[in-house]
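Subject: Handover of a protein structure

Dear colleague,

Please find below the structure I am handing over to you, followed by a short account of what was found in it.

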Amino acid sequence: LGELESGGITPPLNDSQETAALPTPELSNLPEILNILNNAKTLQDKDRLASFIVPENYIDKLLPIFESCEDLEIFLNDNTIIEQIIRDETIIGVLGILEYDPEIPDKRATHRKNLLKHSQLEPVVPIENKTVNSKIQQTLRLKYLKDVILGDTIDDSLVSILHSLIFFNNIDIINYFESNHDYLDELFEIFRDNDASNEKKKEASKFVIQLCIMARAVQTSARAGLARTLAKHGLFDMFPFALCVDDEILRTHATNILASILELDAYLFREYTIEQTRTMDPENTTLGTVLRRFALDTDPGLKIQFAEIIKASMDLGNGTMVASTMAAEMLRKQDPDTEIYLTVFYDNYCNLFLRPFETLDVKPIKLDGPIEELELTQDQSDLCLYLCDLICFVIRQHSFRSKYLIRSTDCFVKIIQLYRCKHSHIKLAALRVFRTCIGLMDEFYTRHLIKFNIFEPTIRVFLDTDGRDNLLNSACLELVEFIRRENIKSLVEHLITNYGSVLDTINYVTICKMLRLRHEQNIEPDDSNISETKGNNSLERGNGQDITLDDAAAEEEYFNNQSSDEEDHSNEISLTSTDKSKDSQPLVNYGGSDSSDDEMESDEQQQQQSSPSLSSSPTPPSSEQHTNTNNNNHNHNHIEEEDNNNMDTTMTTVTTTNTTTSDDEETKTKSPSPSSPLSTTTESDRLTSPPPLPKRRLNDEDDDEDDVLAAKADTEIEVKQ
């Protein structure tokens, strides 16, 4: 305490008592100020410095001596400091300070000159709102700080602050223009004014493109709303000019904006294309301009983007393939706007779409002899490649409309000419078009492939590969294999009939031989002839198995032998049946019945009287359980069994036998239930009954219903014969 009172020891200060202070900036203490700024590592240190710098206007005190500040840098991550730096009063001085780099003392940047040059640009339509003007200037300065001045040394926290400030400024700017309809009308009227100069249209295009670029950072719903608002005031009137301007950077940005609009809302593009087509020449609409630039632009990057724009405009959504009239009708009901757009496209833009093929000369491509090579530049090759892919796309998706395209134009003839190009990827592009048509297995495309003689040049390309293991050879083999596997009969017949001798020379694979085998199978008698000659040829069982002539003859011989054995023993059976029936006992005795004839007759009469009630028994009797012990009834049943055997003998010409089934198993299967009141089969009847019919060999999948249907069908066939 004594030392404290005497001032020998200074008591420590708490964090709340500490105050950050910077000395008054002078040339002599600049290293000290720099050291203090560099030592502010933690967030608390930076906050304390910021609480001092802002109220004291410390940056204003630094500006008078910035010419000597070679090693002073400001990296304080505080919104208020950044906002103070970008003010109109301080931004030029701060940029002058930051022009000096201590690592490169001999050179100085030109930040002030660059920023002033961009800040002096006037909008093509004056902006009367001063707040919006100020935010536009602040956003420009923030982007310059982030991208140019602090690009290499910026840390993550400062990046986050700058992004946040730029984002909120963009939202305010977008909301202002989106709600200012008078301004947008005046802006887009420039593109509709024939007297407006190209320079003015360029500036208007840059303004609209910059506004759309700002909207990329906002949410999707906000971007879609801005696009719809701009479209109502004439956004699509800008693209015919911006896509054809001689400024490559502007043309690239305009293409990017159009592609992003299609990705965001393709219906918006289709709607205004329909509207423009009604009032303008199709070549001057936005879609017509895209098709023209697709054919004329030499920039490969832009050419790809134009191809994607065309594809997106015709995409029916989710990659759905519409390959039938029914599917097209469903689409027409579900999405009538897209159907109208497709109608407009195929009626007005087909010639522009296929215009790149007009320069291709038609030369013959035969199986033998020389072929005149097709000379294509790199730009032409890329154009043909993208166009073939687009044709494949419309064939898969547009059903009858793509058929109209094929029938009303000579695109097949032009695509064939791509086989004359020396580049394999161009030949593959042409082959993909024909493979797509074949893959649909549509009779229309099949007829036109034959009509335009597609397969002769295709086979020539196949032969020129000479069996090499490359993509072109594999694609040709796959095409032939698909035709064979799917058995497209008209194409199989066309290939074998016209080019079979050539295909037979390809022996390094078996696909061509299998194609000829398929053709031979197709030219055999059809199903109707087979059904008429089934008695003389192979038959088919109910379960799909074939019966040969030998099998049918063996079955018939088997049952004929059984019939002859029955005839030989018929007399013996009739003589001995009475005595054996007297000696035999029923399997089950009912009501104390014995073996006397009177009691048997009495029981039989009682059973006949009670037969209506027995017909509803839970256990239905089989056909063998109805055998009577009476001699006359036995003889009558024996005659019926012979008739049934004769009918079964006839039916077995379309059934199969199971000779492995034993008599014991058959007897066990058909043995009557002891509780059945109709179990009156005697031992003599069992011994003298003919052997059971052979069972049909059935698969596991067969059931009783299949057997019934098969038997019914076989009977009808036999009756017809």
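**The two cysteines**

The sulfur of C388 lies 6.6 Å from the closest cysteine sulfur, which belongs to C384, and this is too far for a bond. A disulfide requires the two sulfur atoms to be within 2.5 Å. By this rule, the count of disulfides is 0. C384 accordingly takes part in no disulfide, its nearest cysteine sulfur being that of C388. Are these residues buried or exposed? C384 counts as buried because its relative accessibility is 4%, and C388 is likewise counted as buried, at 0%.

**The model as a whole**

Please note that this is a predicted model. The protein contains 38 helices and 4 strands. It has 721 residues, of which 40% count as buried. Among contacts with a separation of 6 or more, 75% are between residues 24 or more positions apart.

**Helices α21 and α22**

Helix α21 covers residues 378-397 and helix α22 covers residues 399-408. How do their axes cross, and within what distance do they come? The axes come within 6 Å and cross at roughly 135°. The two helices are therefore oblique to each other; an angle has to be over 145 degrees to count as roughly antiparallel. On the side of α21, the residues that meet α22 are V394, I395 and Q397. Their counterparts in α22 are S399, S402 and L405. Sorted by class, this contact of α21 with α22 comprises 3 nonpolar and 3 polar residues, with no charged residues.

**Two residues with positive phi**

M441 is not a glycine, yet its phi is positive, at about 50°. M441 sits in the loop that joins α24 (424-440) and α25 (443-451). With a relative accessibility of 43%, M441 counts as partly exposed.

The other residue is N487, also not a glycine, whose phi is positive and near 55°. N487 is located in the loop between α27 (471-486) and α28 (489-503).

With kind regards

Technical notes
Residues are numbered from 1 along each chain as its sequence is written. This is a predicted model: local features need pLDDT of at least 70, side-chain atom pairs count only at pLDDT 80 or more; totals for chains, interfaces and linings use all residues. Side-chain values use heavy atoms; hydrogens and water are left out. Buried means under 20% relative accessible area, exposed over 50%, partly exposed in between (1.4 Å probe, protein chains only). Contact means heavy atoms within 4.5 Å. Axes are lines fitted to C-alpha atoms, for helices over the stretch in contact, and angles run from 0 to 180 degrees between N-to-C directions. Angles under 35 degrees count as roughly parallel, over 145 as roughly antiparallel, 65 to 115 as roughly perpendicular and the rest as oblique. Ala, Val, Leu, Ile, Met, Phe, Trp, Tyr, Cys and Pro count as nonpolar, Asp, Glu, Lys and Arg as charged, and the others, Gly among them, as polar.
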